[in-house]
Amino acid sequence: MESRILKPILAVYVALFLLFLYGPFIVLGILSFQQGPEGGPQFPIIEWSVFWYKHILGLAPPSRVSPLPIGISLFRSVTLAGMTMVTSTVLGVMSAQAFRRNFRGKTAAFYLIVLGMIVPGILVGLGSALVATTTGIERHWWSTAFATHVVYTLPFAFLVMLAIFNRFDASVEEASWSLGVSPITTFRKVTFPLIFPGVLSAMLFAFTLSYDEFARTLFSSGREQTLPLAIYATFTVEIHPNVFAFGVLTTLFSFALLTVYAILMSLSIRRAKRAAIQEAIE
Amino acid sequence: MSEEPILRLDGLTKDFGGQAALSEVSFSVERGEYVALLGPSGAGKTTLLRTIAGFETPSRGKIFLSGQDVTRAPVHQRGIGFVFQNFALFPHLTVMNNVAFGIRNGVNRLPEAEVRTRALEAIDLVGLKGLEGRNIGQISGGQKQRVALARTLVIRPKLVLLDEPLGALDANLRLRMRAELRRIREQLGIPFLHVTGSEIEALAMGDRLIVLDQGRIGQFGTPAEVYNRPASANVARFLNRYNVFEGALEGQAFASQYGRFPYGVRMAGQKPAYAVRYDRVVVKETGAAAQGPALRANYVASEYLGAAIMNFFETDDGKVVEVEHHLSNGPPTIFAPGRAYDLTWKPDDGIVFG
Amino acid sequence: MTPSQAAVEKVTNEPSQNGSASTYVLIAPAVVWMTLFLVVPMAMIIYVSFWTQTTFKIEPTLTLDSWQTFFASDTYINSLWTTVRIWLIVLVTTFIIGYPTALFVGLFVKNKTLQTALLVLCVIPFWTSFLIRVLAWRPMLGKEGAINIILQKAGIIHQPIEALLFTDLSVVIGMTQIYVVFMVGPIAFMLGRIDPNIIEAARDLGADFWRILRKIILPLSLPGVVVGAIFVSVMVLGEFATSAALSGRKVNLLGNIIVTEVGSLKWALASVVGVILTVIMGLVIAGLLRVVDLKKEL
């Protein structure tokens, strides 16, 4: 390719592109250090301070700015995400395992599962709210919202596991059977340890998607709010830089989460030995 | 008193997508036998082996293990060991845990103390003493081969199936492992059914050979029988030891496009063909008196095979005829490239099919 | 290929064995879950759109009232056009803005690690909660926002641009920024799969860059474009938060209507909007899937 002119131009473009992507976050970060409690969520910075961080952590003196309802809604979000993560990963692994064989209705099942990630949250949320209202079922974050979250995350977990099984060399399973080991024990002792990195990815995916999910939760969680809902509620009223401080903190939290994940992954990959997950039989 | 054969197949047939991969395969393997399963690629050898093991279910026919019908039995209940071409070792376990896997987790599991003893025995048997603690990624191809073998032998299977076990090894290693395999088997006395694409390997290792041809048994006999009396032109071709000619049987001779060939052996009921071994053909200058069937061909090239020389000749219409000269019979003749020679052989050495 | 070769191919994970009872047991829970919690709710939306709406309740008596209300009202029809309009604009802008980046990452960057690093860089912004990222645009686009300040300081403009916030434009900018990565990813993936020898051969035959782009690169990346377009479309059509946060109620998407109507318990009308949204999405996805036979290409 005409690398000499084109590549540098594109490189500059990509740099600008990244600036575009990170712009709001940079602004967010800067403004989180706005002076409080009078300082608003806009420029200019009246005075640099960590007031809003203290405010988030409940350490600031009381002001007219009400604290973000973090505590309990954070708990709900994390728990909900955890429940979703476990359920959708288990279902995803089971379904992907089923897809290793042919069966009647396989294509239909595939589209049915993938449908969950195609339909926008607001529609699924509306639908489940309708079902709840007309059948008199109460809406809670741990029941109706949970069901809807799994609908959303299961397809992702499923597709990840499908990809992992696709590259999985089944001859180790056959070897295990030929040694007199039952299929169930084989799954426990051979298959699962080898697909574990994939399972980890699926779990992380599911957790992240559920944790930040709010369109689906909006209609299906009833009166008690999850964290995104709590934040959404602040949209309509005045916003303060505490939201930004919170944004910085959650980003750092996500960063920490992903670092933990990366460490777990590299540990388990070393154990799993690429041999069984490679495409080519040497 | 005749003992029940370890393995008996009865009319085994396997269809794949409308075509038959295996057709009415029936044979028995006796206790203590080493049977080599031979055939060109696509002949169905691996399918047959996998069906016996239970990885595939046959469309028709039965499989008997020590007299018991195991046709529908699940793999882990058959007691048949299987050694894979790519070894299929458990990458997340050490050598020790690979070998111990079956007796630790299988249907006939043993108490832990016994597991260790037996596993170490097996590791010693295959010559890997001292390597128990190694990870699979740290050992060589030949060592992996031995681990795969030890892992299977330790569960004391009634029969061991080997799917081209030496295929992934380089030539030198292959030769050494061949001897090892025989030694270990002799020591344990377990019957082996060994699939190979190499006729040399099959001839060298098997007490008996099965030649598989397009899903059917082409021949089943000792190496000497198969080698000297191939049952069909296909088997003869596959052995890579015979020149095979097309034509038709006419009275006491075989009419090919190169002349009439008298024959010494007749294998009935096959598609008509004529075969003569590479090392039974003699090269003469043109014009010399022929003492039997003869064929004119031009010399092309020679290949040095160590203990023999393979001379390649080509007839005017392009058919390649190979002549093997064992160096123990005397020094090789030098031929002139492009020149025509008469190739002859004794009529008794000709085999006709048809 | 002989049947035996087909059998050996099984080792490369093409399912050839047929499912037993255990297979159905494995797939059943997921199927049941999706049917109960996805299919049934969606069916409800269609069903309820035909129900009668009293002030705060709905009744199963079938009627076309809510449908009539929707199509008779200018506001609602406008929101329909607004949704389609914004969707198209965002689709185009994410494509235009995202493609050169995908080009760079997928084609020009040879080093695999660098490629992954760049893609990870693009994904990191997602670690900040979606809602907060949307909110963060306000101080960027406002009259006293970051953009205006920078532009004024640089002397490019003298008066702050008012149109940046609380307009169509702000919604488009916000959505583009948030969803453009979904375009870059699939396109970069497809571009990375192009055999560089093809481009080399075209160069040797004398083609210039623009020709190569038009005739080789674009067509080969098309499946990625389609996948990206499907992702972006689905997300934009279902949007309501970005428009709520950045347009101050001026831009009313179908999603916003649903939220408002549910807020006032007008379930039947909300369902009507839901059905319309589903139909639009179905048409868009079906149309996009016709552009490229995805099963073959992927």
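Select chain B to begin: of its 354 residues, 42% count as buried, a residue being buried if 20 or more other C-beta atoms, placed from the backbone, lie within 10 Å of its own. The model is predicted, so local features need pLDDT of at least 70 and side-chain atom pairs count only at pLDDT 80 or more, while totals for chains, interfaces and linings use all residues. Residues are numbered from 1 along each chain as its sequence is written, and chains are lettered from A in the order in which they are written.

**Chain B as a whole**

Colour chain B by secondary structure to display eight helices and 22 strands; helices (H or I, at least four residues) and strands (E, at least two) are DSSP runs numbered from the N terminus. The C-alpha trace of chain B spans about 80 × 45 × 45 Å along its principal axes. Next, select residues 7-228 of chain B for domain 1 and residues 243-353 for domain 2; such bounds come from an automatic or database domain assignment. The C-alpha centres of these two domains of chain B are 38 Å apart. Among the contacts in chain B with a separation of 6 or more, 67% join residues 24 or more positions apart, where two residues are in contact if their C-beta atoms, placed from the backbone, lie within 7 Å.

**The largest nonpolar core**

Proceed to A:Leu126, B:Leu37, B:Ala150, B:Leu161 and C:Val273, which touch the most other members of the largest nonpolar core, a set of 252 residues. Such a core consists of buried Ala, Val, Leu, Ile, Met, Phe, Trp, Tyr and Cys residues joined through C-beta atoms within 7 Å. Helix 9 (residues 168-192) of chain C supplies the largest share of this core, 15 residues. Centre the view on B:Ala150: leaving out residues up to four places away in sequence, B:Ala150 touches B:Val99, B:Ala122, B:Ile123, B:Leu125, B:Val126 and B:Leu128.

**Where chains A and C meet**

Show chains A and C together; their contact takes 75 residues from chain A and 68 residues from chain C. On the side of chain C that touches chain A, helix 2 (residues 21-48) of chain C gives the most, with 17 residues. Now select helix 5 (residues 121-135) of chain A, which packs against helix 2 of chain C at an angle of about 80°, with the axes 8 Å apart. Helix 5 of chain A is therefore roughly perpendicular to helix 2 of chain C, a term for angles of 65 to 115 degrees. Residues making this contact include A:Leu126 and A:Leu130 from helix 5 of chain A, and C:Phe37 and C:Met44 from helix 2 of chain C.

**A covered helix in chain A**

Select helix 7 (residues 171-178) of chain A, where eight of eight residues are buried. Among them are A:Glu173, A:Glu174 and A:Trp177. The cover over the buried residues of helix 7 of chain A includes helix 8 (183-212) of chain A, as well as helix 1 (45-53) and strand 6 (80-83) of chain B. After helix 7 of chain A comes A:Gly180, with a positive phi near 90°.

**A loop residue in chain C**

Finally, select C:Ser129 in the loop between helix 5 (112-123) and helix 6 (130-136) of chain C. Is C:Ser129 buried or exposed? C:Ser129 is buried, because 22 other C-beta atoms lie within 10 Å. Apart from neighbours within four places in sequence, C:Ser129 is in contact with A:Asp212, A:Pro228, A:Ile231, A:Gly247 and A:Thr250.

Terms used. Buried ≥ 20, exposed ≤ 12 C-beta atoms within 10 Å, placed from the backbone. Axes fitted to C-alpha atoms, helices over the stretch in contact; angles between N-to-C directions. Parallel < 35°, antiparallel > 145°, perpendicular 65-115°, else oblique.
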